Amino acid sequence: MKQILALLILAFMAVFVYGCDSATDSKSVSTNPPGLLKPYEGDSNVSRAVTFEWSGTATVLIIDVNPTFATPLYTYNVTGNAFTMPTALTANSVYYWKAGNTVGGTTYWSTDYFRFKTGGN
């Protein structure tokens, strides 16, 4: 009987300590949108092989030539706090970007979008 009680206590402690981490479980999941860092708003002469950086959690990144993002040119699933374009952007062109954090089917977009212009190289 003591062994069964000890196993039950260990099982309870494991659930309590490690908890759950999905959007549908009881442990909270961050729904905070990411904060955009680089390229900066209004940045110019940005590398065509640009690396985007943000703070917080992001799961999706979109890049477009229109700030409405109605039909984004590029959409990427991302992790971590940075993403480098796998193909070079067009030289001397203006782009807009924003990042989002998708939780439970809802995307929490960055509160702003940033505009930047690529360089000629």
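The tour begins with the whole chain and then turns to individual strands and residues.

**Before selecting anything**

This is a predicted model, in which local features need pLDDT of at least 70 and side-chain atom pairs count only at pLDDT 80 or more, while totals for chains, interfaces and linings use all residues. Residues are numbered from 1 along each chain as its sequence is written, and side-chain values use heavy atoms, with hydrogens and water left out.

**The whole chain**

Display the chain as a cartoon: one helix and nine strands are present. Helices (H or I, at least four residues) and strands (E, at least two) are DSSP runs, numbered from the N terminus. The order from the N terminus is α-β-β-β-β-β-β-β-β-β.

Of the 121 residues, 27% count as buried. Here buried means under 20% relative accessible area, exposed over 50%, and partly exposed in between, with a 1.4 Å probe and protein chains only.

Among contacts with a separation of 6 or more, 61% are between residues 24 or more positions apart. Contact means heavy atoms within 4.5 Å.

**The nonpolar core**

Select F52, L61, I63, M85 and W97 and show their side chains. These residues have the most contacts inside the largest nonpolar core, which has 18 residues. A nonpolar core is a set of buried Ala, Val, Leu, Ile, Met, Phe, Trp, Tyr and Cys residues joined through side-chain atoms within 4.5 Å. The elements that contribute two or more residues to this core are β3 (51-55), β4 (60-64), β7 (94-103) and β9 (114-118). The greatest contribution, three residues, is from β7.

**Strand β4**

Now select residues 60-64. How many residues of β4 are buried? Five of its five are, and the strand is mostly covered. In a regular strand the side chains alternate between the two faces of the sheet. From β4, V60, I62 and D64 point one way, and L61 and I63 the other.

Two strands pair if DSSP finds at least two bridges between them.

Center on L61. Leaving aside neighbours within four places in sequence, L61 is in contact with F52, Y74, T75, Y76, V78, F83, W97, K98 and A99.

D64 is buried yet has no salt bridge, a salt bridge being a side-chain nitrogen of Lys or Arg within 4 Å of a carboxyl oxygen of Asp or Glu. The nearest side chain of opposite charge is that of K98, 9.2 Å away; Lys and Arg count as positive and Asp and Glu as negative, while His and the chain ends are not counted. Beyond four places in sequence, the contacts of D64 include F69, P72, Y95 and Y96.

**Strand β3**

Select residues 51-55. F52 and W54 form a covered face, whereas T51, E53 and S55 form an uncovered one. β3 pairs in the antiparallel sense with β1 (residues 35-38) over three bridges, where K38 stands opposite E53. β3 also pairs with β6 (residues 82-84), again antiparallel and over three bridges, and T51 stands opposite T84.

**Backbone details**

Select K38 and P39: a cis peptide bond joins them, with omega about -5°. P39 lies in the loop between β1 and β2 (43-46).

N45, in strand β2, has a positive phi of about 55° although it is not a glycine, and counts as exposed at 60% relative accessibility. F69, in the loop between β4 and β5, likewise has a positive phi of about 55° without being a glycine, but F69 is buried at 8%.

**Last stop: P33**

Select P33, in the loop between α1 (2-18) and β1. P33 is partly exposed, at 34% relative accessibility. Its C-alpha atom is 8.8 Å from that of T102, 69 residues apart along the chain. Apart from neighbours within four places in sequence, P33 is in contact with Y108, W109, S110 and T111.
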